[in-house]
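This briefing concerns the structure shown below. Please keep the sequence and the model in view while reading.

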Amino acid sequence: MRPNVESWYEELKEEYNVKKIMFFGDFNGSIENELPRVERISKNVVHTASTKEGVDKDFTDFIILDAIYREAAKDSSPEVFIIFTGDAHFNLAIQYLRELNKKVIVYGVYLC
């Protein structure tokens, strides 16, 4: 699946004053071709692939969760968090953000 991130970004800019966008992913292999597309939207691209010899797993979810909690803890924390995900791994982080009275919008990407 090739999400239309450009369209989503334009839609979000119409409704919100977008100050920061971050992309997280293991940009190795076939997804590496998507890197120029996301870098046109934001230079805040975090590569989550493990560089440790013999480790095939990436740590994307853990790195994203860390970034969410760090942003939420800042004095200048955003009032709205928008999360694009293909699974439910962020449910507890979303619940936490809502406990902090943050507005949370989730774009669910369903992969067939």
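This is a predicted model: local features need pLDDT of at least 70, side-chain atom pairs count only at pLDDT 80 or more; totals for chains, interfaces and linings use all residues.

Residues are numbered from 1 along each chain as its sequence is written, and side-chain values use heavy atoms, with hydrogens and water left out. Helices (DSSP runs of H or I, at least four residues) and strands (runs of E, at least two) are numbered from the N terminus.

**Nonpolar cores**

- A nonpolar core is a set of buried Ala, Val, Leu, Ile, Met, Phe, Trp, Tyr and Cys residues joined through side-chain atoms within 4.5 Å; buried means under 20% relative accessible area, exposed over 50%, and partly exposed in between (1.4 Å probe, protein chains only).
- The largest nonpolar core has 12 residues in all, among them Trp8, Leu12, Phe23, Val38, Ile41 and Tyr107.
- Helix 1 and helix 2 each supply at least two residues of this core, and helix 1 gives the most, with 4 residues.
- Apart from this core lies another, of 10 residues, including Ile64, Ala72, Ala93 and Val104.
- Ile41 is in contact (heavy atoms within 4.5 Å) with Val5, Glu6, Tyr9, Ile21 and Phe23, when its neighbours within four places in sequence are left aside.

- In helix 4 (residues 91-99), the buried residues are Ala93, Ile94 and Leu97.
- These residues lie on the same side of helix 4 because they cover an arc of only 100 degrees around the axis, the arc being that of the directions from the helix axis to the C-beta atoms.
- Leu92 and Glu99 are exposed on the other side of helix 4.
- The cover over the buried residues of helix 4 includes helix 3 (60-73), strand 3 (80-85) and strand 4 (103-108).
- Asn101, which follows helix 4, has a positive phi, near 65 degrees.

**Salt bridges**

- The structure holds 7 salt bridges, each defined as a side-chain nitrogen of Lys or Arg within 4 Å of a carboxyl oxygen of Asp or Glu.
- One of them joins Glu6 and Arg37, with the closest N and O atoms 2.8 Å apart. Glu6 lies in helix 1 (residues 5-15) and Arg37 in helix 2 (residues 35-41), so the pair ties together parts that are 31 residues apart in sequence.
- Arg37 is buried, at 8% relative accessible area, whereas Glu6 is partly exposed, at 30%.
- Glu6, Glu34 and Arg37 are linked in a network of salt bridges.
- Lys13 forms a salt bridge with Glu10, the closest N and O atoms being 3.3 Å apart. The two are 3 residues apart in helix 1, and therefore separated by about one helical turn.
- Both partners are partly exposed, Lys13 with a relative accessible area of 39% and Glu10 with 41%.
- A salt bridge also connects Asp66 and Arg70, with 2.8 Å between the closest N and O atoms. Being 4 residues apart in helix 3, Asp66 and Arg70 are separated by about one helical turn.
- Asp66 counts as partly exposed, at 37% relative accessibility, while Arg70 is exposed, with a relative accessible area of 54%.
- An α-helix has 3.6 residues a turn, so residues three or four places apart point the same way.
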